[in-house]
Amino acid sequence: MRLSQYPVNTTKETPSEAEVISHKLMLRAGLIRRLAAGIYTFMPMGLKTLRKVERIIREEMDRAGALELLMPAVQPAELWQESGRWDQYGPELLRLKDRHQRDFVIGPTHEEVITDVARRELRSYRQLPVNFYQIQMKFRDEIRPRFGVMRGREFIMKDAYSFHADQASLAEGYEAMKRAYTRMFERMGLSFRAVRADTGSIGGTASEEFQVLADSGEDAIAVSDADDYAANLELAPALPPAGARPAPSQPLARVPTPGARTIEEVSKLLGIAPARCLKTLIVDGSDGGTVALVLRGDHELNAVKAQKIPGIANPLRMAQPARVREATGTEPGYIGPVGLPMRLIADHSALALADFVCGANAKDEHLTGVNWERDLPAAEAADLRNVVAGDPSPSGQGKVQIRRGIEVGHIFQLGRKYSEAMQTTVLDPEGKALTPLMGCYGIGVTRIMAAAIEQNHDDKGIIWPDPIAPFTVLLVTLNHDRSEPVRQLADQLYAALGAAGIDVLYDDRDARPGVKFADAELLGIPHCIVIGDRGIAAGRLEYRNRRAGTTEEIAANDVLAEIQRRLAAA
């Protein structure tokens, strides 16, 4: 493509609407343009990267034996009512009515539709296993779309669904998809980790996310520093402290703490570490009552872990202040476990403390020197907290480190959640009805593009990995409109590189060198050849490597071979 024929402008200014670096650079480079909140047009150069990502995905899905189809974006409500998700999914599900007042949804995912396909097409266990996939636009009505295409409302997704006769086959298909995903992200040139994850609204049993590692990532990942253990923070178990709880050494005492409600305020007032304090959180129970959760003051509640405990509302809900006062008889901020008239569940680390500080269930007062089994019965033990750096690794090897990541893929073993709800069966070898097990495998195609930029950029612009760059080589001409030798050599190279199957962007604009070089760095094309009169006279051209940030000279008559050599070595 010739830049002189590309009508989309790059900009120096950072758009005010953009928060994260990928959003800023995609707008500045002219890869996307905003239509509405969370909805973007992909411009020609941005679309080229999307298509390269899609090609790699298709090749690896086909290699793994999956079959591509294309399902409707608009889905009848009856399917969602069958599965039970019509009421469960929440306001992210965009509902609409047609002219006959029949209910439909714009698909955020396609478990219901593919299960309907399966119950119509699959008759026998001999047709299993089978894996169907599509690459298609989805819509989720995010309450606060942000970060550009990272968390948009409309997005492109590759979703695949497999059907199996038994658990062994499902496990085998799941591992095949895990291997395929690993190959995809390796081919895209991304640094990533597969991490254990919660199944969320999709449902099922086993689940793993593929996280592109980036300091700006919105997800926290717990990884071991000694082996390959990795899990999303919401799922990583916090192991109980080793060793017995210390014996009490202080008397129970009531102390005034006027105005001190938070752990930070109490610990500062009393001159103790937050780790010596306990905080008591009141949450809604599943039976309409309330439940008290107790954690160490320096730890954070893990909502996903807590809401899985029987008797606690799912999703987790913190009790409203009025309910807290009614249930405890005191103001929030002064609640403690001693004498609290409700079910009490404590994190393992909280139960390991002796001589701790907690609320006294009276305004402006706390208790010091509190001990389990002396001053109050031991609470139910549970894993309620997020792991922190330095915790023992759940794998038993090494310590936990916390990394940041951007989720770009998620694979699930769904089991029979949808096939049972939608009465999908095939005949087994004995002619009896068999309900297939299902797997589900998603990749955020548009999100990969943003994640790649978050992981690969500098203060000048994007640094594309070679396999997904919109163009592989950039030709920059100096004095293009005033030098026939420059135009002639550039045209020859443009044709030769294109004939060799190399994607070339040709900056043939009548613009100052500074403008061209700034755009070259913003666009992030991996390999750049600069063509000017001085280089032509010397028989050598300037080669710039965007990732390495290096500049060198190569023989003018050897450019094609040299570029091919560098691409082969990449």
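Why does Ser 419 count as buried? Its relative accessible area is 1%, and buried means under 20% relative accessible area, with exposed over 50% and partly exposed in between (1.4 Å probe, protein chains only). That residue is a handy place to begin a tour of the chain.

The model is predicted, so local features need pLDDT of at least 70 and side-chain atom pairs count only at pLDDT 80 or more, whereas totals for chains, interfaces and linings use all residues. Residues are numbered from 1 along each chain as its sequence is written, and side-chain values use heavy atoms, with hydrogens and water left out.

The chain holds 16 helices and 30 strands; helices (H or I, at least four residues) and strands (E, at least two) are DSSP runs, numbered from the N terminus. Along the principal axes, its C-alpha atoms fill a box of roughly 90 × 70 × 50 Å. Of the 570 residues, 51% count as buried. The chain exposes about 25,400 Å², and carbon and sulfur atoms supply 50% of that area; accessible areas come from the Shrake-Rupley method with a 1.4 Å probe, and for residues only the protein chains shown count as cover. Among contacts (heavy atoms within 4.5 Å) with a separation of 6 or more, residues 24 or more positions apart account for 69%.

Ser 419 itself sits in helix H11, which spans residues 417–421. Leaving aside neighbours within four places in sequence, Ser 419 is in contact with Thr 115, Thr 424, Thr 435, Pro 436 and Met 438. Thr 424 is also touched by Ala 118, as is Phe 163, again not counting residues up to four places away in sequence. Ala 118 belongs to helix H5 (residues 111–121) and counts as buried at 1% relative accessibility. Between the C-alpha atoms of Ala 118 and Gly 107, eleven residues apart in sequence, the distance is 18 Å.

The interior can be described through its nonpolar cores, each a set of buried Ala, Val, Leu, Ile, Met, Phe, Trp, Tyr and Cys residues joined through side-chain atoms within 4.5 Å. The largest nonpolar core has 68 residues, of which Ile 57, Phe 185 and Met 188 touch the most other members. Phe 185 touches Leu 190, Phe 192, Phe 210, Val 408, Ile 443 and Ile 448, not counting residues up to four places away in sequence. Another core, of 25 residues, lies apart from it and includes Met 71, Trp 86, Ala 118 and Tyr 418.

Strand pairing comes next; two strands pair if DSSP finds at least two bridges between them. Strand E8 (residues 154–164) has ten of its eleven residues buried, so it is largely enclosed by the rest of the structure. Ten bridges join E8 to strand E7 (residues 130–139) in an antiparallel arrangement, with Gln 134 opposite Asp 159 of E8. E8 also runs antiparallel to strand E23 (residues 437–444), to which eight bridges join it. In E23, Gly 444 is the bridge partner of Met 157.

E14 pairs with strand E15 (residues 290–296) in the antiparallel sense over seven bridges, and Leu 278 has Arg 296 of E15 as its bridge partner.

Three strands form another open sheet, antiparallel and in the order E4-E6-E5. Its edge strands, E4 (74–76) and E5 (94–97), each pair on one side only. Four antiparallel bridges link E5 with strand E6 (residues 103–106), and Lys 97 stands opposite Asp 103 in E6.

Among the helices, H1 (residues 21–28) is mostly covered, with six of its eight residues buried: Ser 22, His 23, Leu 25, Met 26, Leu 27 and Arg 28. The buried residues of H1 pack against several elements, including strand E1 (32–36), helix H12 (445–455) and H14. After H1 comes Gly 30, whose phi is positive, near 75 degrees. Helix H14 (residues 513–523) has Lys 516, Phe 517, Asp 519, Ala 520, Leu 522 and Leu 523 as its buried residues, and is followed by Gly 524, also with a positive phi near 75 degrees.
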